[in-house]
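Work through the exercises below with the model open.

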Amino acid sequence: MAARIKSLPETLVNQIAAGEVVERPASALKELIENSLDAGAARVEIEIEDGGRRLLRVVDNGEGILAEDLVHALDRHATSKITSLRDLELVASLGFRGEALPSIASVSRLLLASRTADQENGTLIQVDGGVAAAPAPVGMAPGTRVEVRDLFYNTPARRKFLKAERTEFGHIDTLVKRFALARFGVEFRLTHNGKTVRHLPCAETPEAHLRRVAKLCGPAFMQHAIAVSCVEAELSLTGWIGLATFSRSQADMQYLYINGRMVRDRVVSHALRQAYSDVLYHGRHPAYVLYLEMNPGMVDVNVHPTKQEVRFRDSHRVHGFLSSGVQRALAQVTPGTPERNADTAQPARFQSPTPDHSDQSQSQAGLDLALGEPRPQYTSFSNRAAGSGWIAPAPLYEEAKGECPPLGYAVAQLHGVFIVAQNAAGMVLVDMHAAHERITYERFKTALDADGIKSQLLLVPQRISVSEQEADRVESRPELFNRMGFDVNRSGPEQIMVRAIPALLHGTDVAELMRDVCADALRVGTSERLGEAVNSLLSSMACHGSVRANRRLNTEEMNALLRDMERTERSGQCNHGRPTWVQLDMAELDRLFLRGR
Ligand code: ADP
Ligand code: MG
């Protein structure tokens, strides 16, 4: 017999809705902070206990809720923010669906207390698993206080999915960072287990804005970023974009706000990737903090319960505006800044503007192809090579009568990406970066198996700004970094001190290398065994130490790379499994020209 159809009890409806908006403590907190900001708060204090599992408390000094409305705040689909479809189309508040508070209340023990400026007392209401007690008066300053205790206590299946305290708090901290970047005029304080983790006073002036961004994204970002500002009818873009010198191995420093709302959107991220495409190496991610303002009618924010996704009425136009705006800003980088290297065809990273990389000039010439200082395009390398005694001048094919090595001899470099070589069978094309990456990786593995990865002391120890989580990782897993050839320790809450790096990467940009390795080390689980962790980090270190696209090599360097490939196991594929070289023999070339022999 068919099951009968019945309406669901309200608490269950709310719990189902909670599944969409409340995934973890950070997502509940997001809703609470949005409510505070919608209420015009100038100060938002956030107190967390046990990564948010025991307590999330948000206290604001916003406009508050009238006593008689307090119970309605907990009703499903009850909101003070919109009243009509027209409002929905032009919504300017962060919330509007009226489901956050009832959803959170259905899966926690919630306390809501609020007082408007013209009321003498506040009113407090407590809800336990969706069941509300009668409102009671309470003494409090104007504003609103919301406490969420024991999240998911009544939905054990969900509670099981919560991660360790540290991980959950990491999400919370990231969230607070995002809000703090969006609302300079609001003071934020975040405490965890009674300890203040972040305090950001209200930032009124442009200088104060910069200070806040530096505090949240790190001083290194500010040193390697430029301001953007462009306007077009109904669209404006402002903010800061990181130069290619501050690229990241992960897309973890990308903040984009549309009308004050943090969004993750495919159109937007594609536009930004495109804007960076000719300055950033493949696989690197740009860092940016950008504010896109537009007529609210041009964007629909009601496409997803958490409102992180949006839909543009004219996504083509938004895409073009963003990508050309950022591209133009990047192109306008003045001489002296690292990006203006088109004339020397040297990748930006070889011309570090900061004095702390000065030890690069000490790097030995030779097979560390990714290394070396900038040198003019037309200067012959051979004098230097002879001086350093590393590279024996290799004969060109014509001179090399008789036997020819399998990959032959280089004749040219194509667009800074490929080596064209001539061998006995015909033509060889080599992907420089892929090939060099494989060689470096194999060397690391061989070294690890033999007597460990050799490290090389830096002439001057370097202090590097990293995130707090990254510094934590350096502190908590010294053996991991030692095994990879680093001598590094924590020197501050968001700072590490590097004394030695793997000798194989000698001369590389230490700051960039460390930032990548730290970011990668965070991805490796805390429980992963040392050996496994090291292996998964080596391959990305190898990528780091390898020739990047657009690096101009001379004939000797190209031939040295070909000889290295012949000597290296598995050099036919890069670490990602793509081929590193292809052979086109004379017969195939003839066929291309329809030339019958
Ligand atoms: P929404 O934000 O979509 O309106 P919520 O469930 O998050 O729905 O909140 C319901 C209502 O409660 C809001 O519309 C607002 O009127 C009120 N409210 C919630 N939090 C606050 C706060 N911190 N300050 C003032 N009013 C609040
Ligand atoms: Mg809300």
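The exercises cover helix packing and the surroundings of a ligand.

The model is predicted: local features need pLDDT of at least 70, side-chain atom pairs count only at pLDDT 80 or more, and totals for chains, interfaces and linings use all residues. Residues are numbered from 1 along each chain as its sequence is written, chains are lettered from A and ligands numbered from 1 in the order in which they are written, and side-chain values use heavy atoms, with hydrogens and water left out.

**Exercise 1.** Describe how H10 packs on H11.

Step 1. Helices are DSSP runs (H or I, at least four residues), numbered from the N terminus. H10 spans residues 266-276 and H11 residues 315-331.

Step 2. Their axes are 8 Å apart, at an angle of about 30°. H10 is therefore roughly parallel to H11. Axes are lines fitted to C-alpha atoms over the stretch in contact, and angles run from 0 to 180 degrees between N-to-C directions; under 35 degrees counts as roughly parallel, over 145 as roughly antiparallel and 65 to 115 as roughly perpendicular, the rest being oblique.

Step 3. The residues in contact (heavy atoms within 4.5 Å) include Val267, Leu272 and Tyr276 of H10, and His319, Leu322 and Val326 of H11. By class, this contact has 9 nonpolar, 6 polar and no charged residues.

**Exercise 2.** Compare the partners of H16, namely H17 and H14.

Step 1. H16 (residues 510-523) and H17 (residues 530-544) cross at roughly 155°, their axes coming within 10 Å. The two are therefore roughly antiparallel.

Step 2. On H16, Glu512, Leu513, Asp516, Val517, Asp520 and Ala521 meet Leu537, Ser540, Met541 and His544 of H17. The classes are 5 nonpolar, 2 polar and 3 charged residues.

Step 3. With H14 (residues 468-476), the axis of H16 comes within 9 Å and crosses at roughly 80°. H14 and H16 are therefore roughly perpendicular.

Step 4. Gln469, Glu470, Arg473 and Val474 of H14 meet Arg515, Cys518, Ala519, Ala521 and Leu522 of H16. Here the count is 5 nonpolar, 1 polar and 3 charged residues.

**Exercise 3.** Which residues come nearest to ligand 1, and which polar atoms face its nitrogen and oxygen atoms?

Step 1. Of the 20 residues around ligand 1 (a heavy atom within 4 Å), the nearest are Asn35, Thr79, Ser80, Lys81 and Gly98.

Step 2. A side-chain N or O atom of Asp60 is 2.9 Å from a ligand nitrogen, and a polar side-chain atom of Thr144 lies 3.2 Å from a ligand nitrogen.

Step 3. A polar backbone atom of Leu101 is 2.9 Å from a ligand oxygen.

Notes: Nonpolar A, V, L, I, M, F, W, Y, C, P; charged D, E, K, R; others polar. Polar contact = N/O pair within 3.5 Å; in protein donor to acceptor, adjacent residues only side chain to side chain.
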